[in-house]
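Hi everyone, thanks for coming. Let's take a few minutes to walk through a structure together, starting with some of its charged pairs.

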Amino acid sequence: VFEKDPEQIAQVSQQLSQFVKRQMSPIPGDALPDETVLHKAMDTLKKGYDAQFGGLQRQQKFPSSLPIRVLLRYHRRSGDEQALGMARATLNQMAAGGIYDHVGGGFHRYATDPRWQIPHFEKMLYDNAQLAQVYLEGFQVTRDPAYEAMVHHLLTYIDREMTAPQGGFYSATDADSLTPSGKREEGYFFTWTRAEVDKILGEKQGALFADYYGLTDRGNFEGRNILFRVPDRTSPPAGLDLERAHRLLYEGRKGRPAPLKDDKILTAWNGLMISALAQSGMVLNRPEYIARAEKAARFILKEMMDRQGLYRSYRNGEAKQAAFLEDYAFLTAALLDLYDATNDPQWLARAINLDVRLIQGFEDKEKGGFFRTDARQKDLLAREKPFIDGAIPSGNAIALMNLLRLGDLTFDDSYRQRAEKSFKTFAANLQRYPFAFPHLLIALDFYLDQPKEIVLVTPKGKIEQAAPFLEALDRTYLPNRFVTLAEEGKGLKAHQQLVPVARGKIALGGQTTAYVCTKGICELPTTLPEQFEEQIRVIHPLAPAGKGEAR
């Protein structure tokens with residue numbers, strides 16, 4: 001055909017090229033989204049919700065398929081109890097199911113059945129990082145100690161099995177492992193026979209354990225047993241030392257050939273894990289989590305970045321491949337979370353610098369939003385502008401949220417202007433299919449809210465005085481906010497250079513003083529933790545369904 005009709009080939013090629021470009025870009029729009037998008041998304045979620053087993057009504061269940069963080073935010077500002085109930089039921093069902101590794105910690109990639117019982121046994125760093133954040137927020141909303149325990153279990157699993165000596169985090173572990181006969185089978189490493197359990201725990205404890213997790217001689221997976229809590233077993237049976245049983249089985253399992261590990265360190269996925277550790281350390285008062293987050297961040301900034309920018313992947317002492325949008329966006333979010341957790345201005349300064357690199361190489365300055373690839377990458381048929389969430393958030397959703405957070409921190413309105421241009425770019429898609437963009441919905445909730453700008457100032461040398469205020473903050477579900485904590489003197493001045501709302505703030509009467517502000521307008525300063533807690537609990541409600549107005 002090329003020899004006989006080259007013009008036809010050229011015409012078809014152009015048509016195909018244009019089609020690919022259209023498919024890789026959002027539907028153009030010129031209006032900002034409003035509350036109606038959040039209400040529409042919630043209606044869709046409620047219609048697709050699996051009231052029996054949690055999650056969505058699907059044969060396969062993915063942890064990310066029901067955006068629990070969207071449900072929690074919607075409940076916070078609308079008071080919708082059904083949204084909270086959907087979130088809680090799904091969190092409970094996942095934690096009880098076989099998708100969770102009850103012995104070793106960590107979630108498998110997805111469940112192959114609606115009950116969350118039969119998993120695909122691969123474990124992904126990004127799933128466990130995001131689920132740590134989800135259970136942390138669930139704990140803040142409900143104060144359910146089981147959710148707090150789950151966060152600790154997940155982060156313990158990451159520490160002992162997925163953390164590199166330098167501080168970064170490995171990517172995944174395989175689903176398959178070797179059996180005693182030398183064959184590679186999916187799930188063998190994670191499953192048990194009754195005889196194996198009895199041998200390790202003893203017959204009495206083994207019988208109680210089997211009753212709690214539904215173990216049978218026949219098994220529920222290829223002659224072996226996947227552990228999942230029997231539905232009517234709300235607590236372990238009397239006499240079962242569950243913590244000891246898990247510990248003994250974990251040690252016994254070490255004698256089996258382990259699944260292969262993907263030991264690449266990926267910038268984007270590490271950004272998600274850094275955020276999870278920083279947020280968990282702050283909320284749960286676990287400084288060791290924050291230290292692990294800082295170590296990983298320092299590793300990436302030292303070993304996976306040079307004057308040209310970030311690299312995407314690191315393995316065997318070598319960083320490779322120019323970073324994509326999600327690498328920059330997720331790491332920037334992680335640095336902002338580290339600033340929140342540590343109140344060290346260096347992390348905010350580094351986040352600002354990463355955003356400058358995004359402007360230079362990734363931002364669509366004309367239409368808004370960000371391309372996935374660097375402008376320096378040549379010979380591409382089209383530059384994708386990713387906006388649909390998959391197993392991980394879209395780079396644009398996180399980049400947009402970063403702009404909103406940076407705008408609130410710095411009072412530099414150019415960040416908000418860029419965010420609004422991005423919102424317009426994705427608004428038509430949001431209006432049509434809001435359910436497909438949960439992390440854009442989280443950013444929209446931030447944008448439509450009145451985020452709290454919180455400054456805590458302590459007398460010099462008395463930073464520990466802030467503890468009651470931080471405790472009040474940590475037990476309050478306040479997703480749309482930032483906190484600056486500093487003691488008078490050099491520490492406060494360093495913050496004031498980057499965070500204008502901190503300027504002019506002092507410790508009144510030699511006591512820790514809290515300033516709760518919105519758009520730079522502050523409530524009366526208080527030295528009383530109880531009054532501070534009342535101030536931060538004030539909620540800006542959503543407009544009722546059907547009455548949202550574009551801002």
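Let's begin with R73, which is buried, with a relative accessible area of 5%. Buried here means under 20% relative accessible area, exposed means over 50%, and partly exposed is what falls in between, using a 1.4 Å probe and protein chains only. Before I go on, please keep in mind that this is a predicted model, where local features need pLDDT of at least 70, side-chain atom pairs count only at pLDDT 80 or more, and totals for chains, interfaces and linings use all residues. Residues are numbered from 1 along each chain as its sequence is written, and side-chain values use heavy atoms, with hydrogens and water left out.

So which side chain meets R73 in a salt bridge? That partner is E137, at 2.8 Å from N to O. A salt bridge is a side-chain nitrogen of Lys or Arg within 4 Å of a carboxyl oxygen of Asp or Glu. Because E137 sits in helix α5 (residues 125-142) and R73 in helix α3 (residues 68-78), the pair ties together parts that are 64 residues apart in sequence. Helices are DSSP runs of H or I with at least four residues, numbered from the N terminus. E137 counts as buried too, at 6% relative accessibility.

How many salt bridges does the structure hold? There are 32. Another one joins the side chains of R233 and D211, at 2.8 Å from N to O. R233 is in the loop between α8 (203-213) and α9 (242-253), and D211 is in helix α8, so this pair ties together parts that are 22 residues apart in sequence. R233 is partly exposed at 24%, and D211 is partly exposed at 32%.

Now let's look at a lysine. Is K385 buried or exposed? With 4% relative accessibility, K385 counts as buried. You'll find K385 in the loop between α13 (345-361) and α14 (395-410). Its side chain makes a polar contact with the side chain of D364, at 2.8 Å. A polar contact is a pair of N or O atoms within 3.5 Å; within protein, one must be able to donate a hydrogen and the other to accept it, and residues adjacent in sequence count only if both atoms are side-chain atoms. The K385 side chain also reaches the backbone oxygen of G368, at 2.9 Å.

Next, T410, which belongs to helix α14 and is buried, with a relative accessible area of 14%. A polar atom of the T410 side chain lies 2.8 Å from the backbone oxygen of L406.

Let's turn to the nonpolar side chains. In soluble globular proteins, such side chains tend to be buried together. Here, the largest nonpolar core has 130 residues, and those with the most contacts inside it are F107, Y135, M273, I274 and L335. Helix α12 (residues 325-342) gives the most to this core, with 12 residues. Apart from it lies another core, of 15 residues, among them V103, V197, L201 and Y212. By nonpolar core I mean a set of buried Ala, Val, Leu, Ile, Met, Phe, Trp, Tyr and Cys residues joined through side-chain atoms within 4.5 Å.

Finally, F2 lies in the segment before α1 (6-23), and F2 is exposed, with a relative accessible area of 59%.

Technical notes. Helix = DSSP H or I, 4+ residues; strand = E, 2+ residues; numbered from the N terminus.
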